[in-house]
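This report concerns the overall architecture of a two-chain model. The sequence and the coordinates are shown first, followed by a description of each chain.

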Amino acid sequence: MMAFTIAWRELRNLFLSPLAWVLLFAVQLIHGWLFAVYVEGVLAAPPNGVTGVTDLVAGNLFGVASFLMLLVVPLLSMRLFSEERRNGSLTLLLSAPVRVSEIVLGKYLGLMGLLALMVALLTAMPLSLAAGTQLDYGKLAAEGLGLLLLLSAFAAAGLFMSTLTRQPVVAAIASFGLLMFLWVISSLGRGNLHLSSGLHYLSLLDHYFSLLRGTFDSADVIFYLLFSIVFLSLSMWRLDSARLQA
Amino acid sequence: MPTGTLTNAAPLIKVENLYRYYGQRAAVQDLSLTLAKGEILGLLGPNGAGKTSTLQMLSGNLAPSAGRILIDGVDLLDEPLAAKAAIGYLPEIPPLYPDLTVDEYLLYCAALHRLPATKRRGACDSARERCGLKDVGRRIIGNLSKGYQQRVGIAQAILHSPAVVILDEPTVGLDPIQIREVRALISELGKEHGVILSTHILPEVQAVCSRVQIVHRGRTVFSDSLAGLAERMEILSVVLECRQLPPIKDLRAIEGVQSAEKLDNRRARLRLAPDADPVEAIATLAVKNKWGLRGLTPEYKSLEQVFVDITTADDAQSDVESAA
């Protein structure tokens, strides 16, 4: 499968630039700091049994992580296509016997590889508490999966934005704007019940927080998958039509 | 699948009535071309003539507005994957990843072209050897000089031994020694592959191509073998240099000389009648009459002149057409 060849190359390319290392470092530092703060809090006031350590530490940590990643993912996704278009190397992929769908999927999977690593590093922090206390593994798994799904949606949107422009910075700002808008969209519908429930469904945030609460609703999972598929399809369509118009 | 050995049956590239519009502007109009195995076709034209657009369409990077492209008998638009497998393409800007080493890059290209994993290393090594990249396999592409980067681009295009190699201005930005090396490489490639290259450098065509197609404003204005082009470069005049120049009227009297003009005390330009070859007669006469012959220099119609003639004739014609 050609998409995996491209994905592997893309993942290694990410690590060839200092950007991925710097972001990994910064994200890990902030998460580690917050983790320490939450653990400190639990130690100062031990949980009374209704809300456990998993909620107090992991729940808070994953909540903050989602917002941090909203800032980080556009920085990682911005280069995927815009840089290749700018320095002409996209031609290599387009003139090779490879389908456009394989190119898009390959790039996407490459980025997801790095994001999955970030989620794994983050999940490892609360997991380390298992040495000293009882953890709710089901809840932790739901939180990890939720973050991964959320990031896959971020990445798909960012990838699409990077097919639109040759300027990586423009792609980053555009995807940041789009994600931010979809983040806060549910607040627009306050007061109007019909609008509110519709916007609530579109909000990236609300689906995530229902997973964070430990409610594994297939509707939430499907929402993120659909979101990703839509943006990946748009990217494929965009690359195909670039051949017609450019 | 058609193979390279069946070249007499089907040409490697067959393009029929290709059109490409950018909005209202036609970049390529009614362009047809064929390329056989062992041929090096030079696509020649001034800047903006539609050379790059044509090559982009041949390599599947640009969709034509109308027309048909057959690569090794496979329709590029119907079966892009099969057709693209037979192409090696070097665009104007070599499609390189500056962060990778030459080896990493070439191995990735080999994988993209679906070479089996066991053959990638060998293909990469032989492409590097042919392009003079033997010693730079472990260097980072971004740190290589422009000439070496261009060679990496060519190596990428021939890596999977495609039936057709398409090179868009392969010698642009290279120094004279590199240009000679790249031209030698192209001649070498022409033996086993079909090569199509674009250029606006006329001597390049003379140096490497076996056939020439001149495009101007998106149309083919001339298409012939290099010999056919050379025929258009007939001798126009000779410059006679003597210690004692004879009277001009004597020179005019020589058969085959249309006119003569004195350039200075020693030199005169003799304009030749069409299809006449009086050079030998002039030399004999010079010896017999003791003019003190020092030189007889033929003046060819230059390739530039031929090129300008062809393109301006086309301009004049289209002006007439648009006026009508």
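In this predicted model, the elements of chain A follow one another from the N terminus as α-α-α-α-α-α-α-α-α-α-α. Chain B, by contrast, contains eleven helices and 14 strands.

The overall dimensions of the chains may be considered next. For chain B the radius of gyration is 25 Å, well over the 20 Å given by the globule rule for 324 residues, so chain B is more spread out than a compact globule. The C-alpha trace of chain B spans about 80 × 55 × 35 Å along its principal axes. Taken along the principal axes, the C-alpha atoms of chain A fill a box of roughly 65 × 45 × 30 Å.

| Chain | Residues in chain | Share counted as buried |
|---|---|---|
| Chain A | 246 residues | 41% of residues |
| Chain B | 324 residues | 39% of residues |

In chain A, 76% of the contacts between residues at least 6 apart in sequence join residues at least 24 apart. For chain B, the share of contacts between residues at least 6 apart in sequence that join residues at least 24 apart is 67%.

Methods:
Residues are numbered from 1 along each chain as its sequence is written. Chains are lettered from A and ligands numbered from 1 in the order in which they are written. This is a predicted model: local features need pLDDT of at least 70, side-chain atom pairs count only at pLDDT 80 or more; totals for chains, interfaces and linings use all residues. Helices (H or I, at least four residues) and strands (E, at least two) are DSSP runs, numbered from the N terminus. A residue is buried if 20 or more other C-beta atoms lie within 10 Å of its own, exposed if 12 or fewer, and partly exposed in between; C-beta atoms are placed from the backbone. Two residues are in contact if their C-beta atoms, placed from the backbone, lie within 7 Å. The radius of gyration is taken over C-alpha atoms; the globule rule is 2.2 Å times the number of residues to the power 0.38.
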